[in-house]
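The structure comes first, then the notes by topic.

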Amino acid sequence: MSHNLVWHSHPVDQQVRAEQKSQRPMVIWFTGLSASGKSTIAGALEQILTRQGYHTYLLDGDNVRHGLCRDLGFADADRQENIRRVGEVAKLMADAGLIVLAAFISPFRADRRLVREILPEGQFVEVFVDTPLAVCRARDPKGLYARAERGEIRQFTGIDSPYETPERPEVRISAGDLSVAEAVNQLLAYLHEVDALRAGYQPVAHEA
Ligand code: ADP
């Protein structure tokens with residue numbers, strides 16, 4: 001497939017772009033059940049990071065399925081290809097110097113590991129949004145669990161398709177017990193601890 005291709009190195013690389021933006025590029029990867037809070041927490045974190053002057057991009061599972069991955073369904077092979085594509089896009093965006101927030105159910109360990117492995121060391125932060133299935137079902141903001149239970153949607157994660165819990169995520173958020181603001185502050189504290197935020201960072205009081 002790609003055996004006649006040679007990688008071309010360009011003078012402007014990730015380091016140059018990161019220095020220009022005064023930030024550490026990375027992919028903050030949110031995984032968890034549908035309705036666990038991945039998009040909500042990622043969106044709230046992104047809002048704070050952009051207010052503090054960081055350059056970010058939120059890649060959202062539902063949104064990429066309207067375009068880049070519109071040809072894919074929810075069979076295991078399609079889920080695998082979905083995550084592979086999104087992982088490559090996230091890698092390009094991190095290479096462009098951005099802090100990428102990726103919100104994908106990404107139920108399979110092997111697929112998440114693949115994304116971790118294509119990124120430079122230390123640039124993949126796995127965030128397990130650990131909300132009990134019963135809480136996700138009760139929230140059901142889009143009515144998807146109800147439809148899956150009636151058999152109207154097949155291969156729905158947590159109902160008739162598995163979710164493989166992360167074994168060593170960088171961050172585990174008990175999002176069933178925390179407010180969105182508390183979840184965001186847990187993430188900001190982690191990013192601060194690994195020195196991913198500029199000096200002078202302040203946790204932000206945040207109404208939610
Ligand atoms: P996902 O992206 O994981 O499918 P969403 O973020 O789309 O989940 O939906 C989660 C729903 O749960 C939203 O309606 C959100 O307002 C609600 N919610 C309630 N409490 C929380 C919390 N602590 N963290 C995240 N979302 C919460």
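Ile83 lies in helix α4, where helices (H or I, at least four residues) and strands (E, at least two) are DSSP runs numbered from the N terminus. The model is predicted: local features need pLDDT of at least 70, side-chain atom pairs count only at pLDDT 80 or more, and totals for chains, interfaces and linings use all residues. Residues are numbered from 1 along each chain as its sequence is written, and side-chain values use heavy atoms, with hydrogens and water left out.

**Ile83**
- Ile83 has a relative accessible area of 3%, so it is buried (under 20% relative accessible area; exposed is over 50%, partly exposed in between; 1.4 Å probe, protein chains only).
- Leaving out residues up to four places away in sequence, Ile83 touches Trp29, Phe104, Ser106, Asp111 and Val115; contact means heavy atoms within 4.5 Å.
- Between the C-alpha atoms of Ile83 and Pro107 there are 9.6 Å, with the two residues 24 residues apart along the chain.

**Helix α5**
- Asp111, Arg112 and Val115 are buried in α5 (residues 109-118).
- These residues are on the same side of α5 because they cover an arc of only 100 degrees around the axis, taken from the directions from the helix axis to the C-beta atoms.
- The buried residues of α5 pack against β1 (26-31), α4 (76-95) and β4 (124-129).

**Helices α2 and α8**
- The contact is made by Thr40, Ile41, Ala44, Leu45, Ile48 and Leu49 of α2 and Val180, Ala183, Val184, Leu187 and Leu188 of α8.
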